[in-house]
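Open the model in your viewer and keep the selection panel at hand. We will walk from one selection to the next, and at each stop I will tell you what is there.

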Amino acid sequence: MLAYAARRLVLAIFTLWTVTVLSFIIIQLPPGDFVDAYMAQLSATQSNVSEQHFESLRRQYALDRPMYVQYLKWMSGVFSGDFGTSMMWRKSVLDVIGDRLAMTMVLSLGAIILTWAIALPIGIYSAVRQYSIGDYVFTFIGFIGLGVPSFLLALVLMYLGFTLFDSDIGGLFSPEYQLEPWSWGKVKDLLYHLPLPAIIIGLSGTAELIRVMRANLLDELRKPYVITARAAGMSERSLVLKYPVRVALNPFASTVGYLLPYILSGSVIVSVVLGLPTLGPLLLGSLVAQDMFLAGTIVMMLGALTVIGTFLSDLLLMWIDPRIRFEMVQ
Amino acid sequence: MQDDRQPILSVRNLKTSFFTDEGIVRAVDGASFEVHLGQTLGIVGESGCGKSVTALSILGIVPRPGRIVEGEILLRRETGNGQSQEVALTSLGDSSSEMRSIRGAEIALVFQEPMTSLSPVHTIGNQIIGAARLHRKLTKQEASELAVELLSLVGIPRAEGAIDAYPFQLSGGLRQRALIALALSCDPRLLIADEPTTALDVTTQAQILDLLRSLQEQNGMAIMLITHDMGVIAEMADQVVVMYLGRVVEEGPVDTVFGESKHPYTQSLLRSIPSIHSTPKVQLPTITGTIPHPYNRPAGCPFHPRCPDVMPGVCDHHEPELQSVGDEHLVSCFLYHPVPETSS
């Protein structure tokens, strides 16, 4: 077990390193660098800035040095906790990210929990009552949920919110709490604003999960062990929950790991539309501006979360599936 | 324990059909037989002749879109002080609490596939304890002691450790033993064993059959043994029911059915068993043709298209009925009783 954990740790570090290298290269693949993008932006607004200023900017961020030098400079900073400076914001990357990482996690976890809480019971119902009216209704709603892009749903809901209830459903905080430091009131305000974005972001995942759960469970319901339990006199409800549902849930444990980055990259546009203070819009902006330290840091954080999440989901899988547990130990 | 006149289970004219989009499949089409305490009833027939559906019908767990459409299943329950009472299982709702108190407690099932008949993610002990506590008032501790006892009863070595084992850690034979232990957890009076040895190798088969026989000697339960293997029937059964396309074609004590088989189907089945006395390198006799498609049952006697003794004009027009041809020996064939004149 200990050897297994150690092996995973080494692999995790290697994966993270690969992620940073790749993201650093890919961010710089487009022609030009941050200063070019910055210059183009300034000349569009007709501002007069001297050539010298750009040169000093390039030197300051080492943009005139080869790429591996830039990378090594950045990485040596990372090891001492300094993730570099965001060229776009002229602030340290950590200050720019600030609460956004936590907000992203809260929102994503909210979306995941909502997704599971809605999808799993419906999936179970649809499988147990296959081809019933309820199953058809949920299937219909599910396919609509899959088909409607979530940013469109966000726009529609915002419009309805404005016209019918005269309220802004965007953001995660009311205006009065926006810039406040954390307090109980702010937490309550967050909890009040959280469900709607979480539902919108989780919608397509919910529809997908219903189908997956239904299919998994239908497979399991046909297995002989269900007949064994039925013949033993268990009531239908308790036997379905104890055996086939339990087995059908196993595959979900393996998806926990990459749910977080999956939801984040899937929700960038929704976050922009709803004006959510999450990492998504920040990542988008930094990529457009070629702000490589900010983008690199965000991608690295996502990579770290994925690696940690995958490890946790492997542990979870070992815990709930004895077949995997015994294979690992041997 | 033995009581020949009062069967523990009587099945009368049972008909179970599956109502699919393509048509109605008459999986069981008028089966009648009786099972007695302390005895083994063997039900034999080719695949798809309705043996397993008969078992599921008795337990009231026929999967949709199937259901029992006709007939009676009577179970004799003990009411204490030596008295007993017949309960019509067919009139109880499948999911009624009375039916559930019978399933597992009075009638238990050992299903045909030991590989998949136990949940892969629960320990053997967990599953036996769960089943035992459904019908008996036991604490977890008592139930787990019972589980160990049952597992050693069915011959699983180191039973204390085996209750913490998962099914995938046991061999096929041990899994089948564990399944039998599960079925015995509430001391059933009727054990339905549906192809209990089909998935096992021959040595293990013999061990499992020995186990079933010794368990029956110990607690006097009735066993309904479903198989396609005439050898297993010869070794185990007291009474034999031969089924073809959901109907009983011949029925009687095992020696009579094997020694003086009357129905052409039974005779063909017996001929197709390889014998140590047969001439080497000669092909075994087979039954010509295949089982008709269930949507397309032949008119008259269902066996007539494959029957070596078919009487054209009779067998394809009239349905034979199960009638006596001797002491407890019943056959449904026009070779042995007159053709009804009034039928169409």
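Start by selecting Gly233(A), which lies just after α11(A) and takes a positive phi of about 95°. A note on conventions: this is a predicted model, in which local features need pLDDT of at least 70 and side-chain atom pairs count only at pLDDT 80 or more, while totals for chains, interfaces and linings use all residues. Residues are numbered from 1 along each chain as its sequence is written, with chains lettered from A and ligands numbered from 1 in the order in which they are written. Helices (H or I, at least four residues) and strands (E, at least two) are DSSP runs, numbered from the N terminus.

Now select α11(A). Is this helix enclosed or open? Seven of its eight residues are buried, so α11(A) is largely enclosed by the rest of the structure. Here a residue is called buried if 20 or more other C-beta atoms lie within 10 Å of its own, exposed if 12 or fewer, and partly exposed in between, with C-beta atoms placed from the backbone. The buried set runs through Tyr225(A), Val226(A), Ile227(A), Thr228(A), Ala229(A), Arg230(A) and Ala231(A).

**Where the chains meet**

Colour the two chains separately for this stop. In the interface, 18 residues of chain A are in contact with 24 residues of chain B; contact means that two C-beta atoms, placed from the backbone, lie within 7 Å. Which elements of chain A give two or more residues to this side? They are α11 (224-231), α13 (244-266) and α17 (322-329). The largest share, six residues, comes from α11(A). By class, this side of chain A has nine nonpolar, three polar and six charged residues. In that count, Ala, Val, Leu, Ile, Met, Phe, Trp, Tyr, Cys and Pro are nonpolar, Asp, Glu, Lys and Arg are charged, and the others, Gly among them, are polar.

Of the 330 residues in chain A, 33% are buried.

Next, pick Met39(A) in helix α2 (residues 34-44) of chain A. Met39(A) is partly exposed because 17 other C-beta atoms lie within 10 Å. Draw a distance from Met39(A) to Leu11(A): the two are 28 residues apart in sequence and 41 Å apart in space, C-alpha to C-alpha.

Then go to Gln290(A), in the loop between α15 (279-288) and α16 (292-320) of chain A. Its phi is near 55°, a positive value in a residue other than glycine. Most residues other than glycine have a negative phi, and most peptide bonds are trans. Gln290(A) is buried, with 23 other C-beta atoms within 10 Å.

**Strands and loops of chain B**

Switch to chain B and select β1 (residues 9-20). A hairpin joins β1(B) to β2(B) through two residues, and β1(B) pairs with β2 (residues 23-35) in the antiparallel sense over 10 bridges. Strands count as paired if DSSP finds at least two bridges between them. Along this pair, Thr16(B) stands opposite Val28(B). Eight bridges also join β1(B) to β4 (residues 66-80) of chain B, again antiparallel, and here Arg12(B) stands opposite Glu72(B).

Select Pro65(B), in the loop between α1 and β4 of chain B. The peptide bond from Arg64(B) to Pro65(B) is cis, with omega near 0°.

Another loop to visit holds Leu245(B), between β9 (239-244) and β10 (247-253) of chain B. The phi of Leu245(B) is near 45°, a positive value in a residue other than glycine.

**Last stop: the core**

Finish with Leu151(B), Leu190(B) and Met224(B), which have the most contacts inside the largest nonpolar core, a set of 161 residues. Such a core consists of buried Ala, Val, Leu, Ile, Met, Phe, Trp, Tyr and Cys residues joined through C-beta atoms within 7 Å. Centre on Leu190(B): not counting residues up to four places away in sequence, its contacts include Ile8(B), Val35(B), Ile107(B) and Met221(B).
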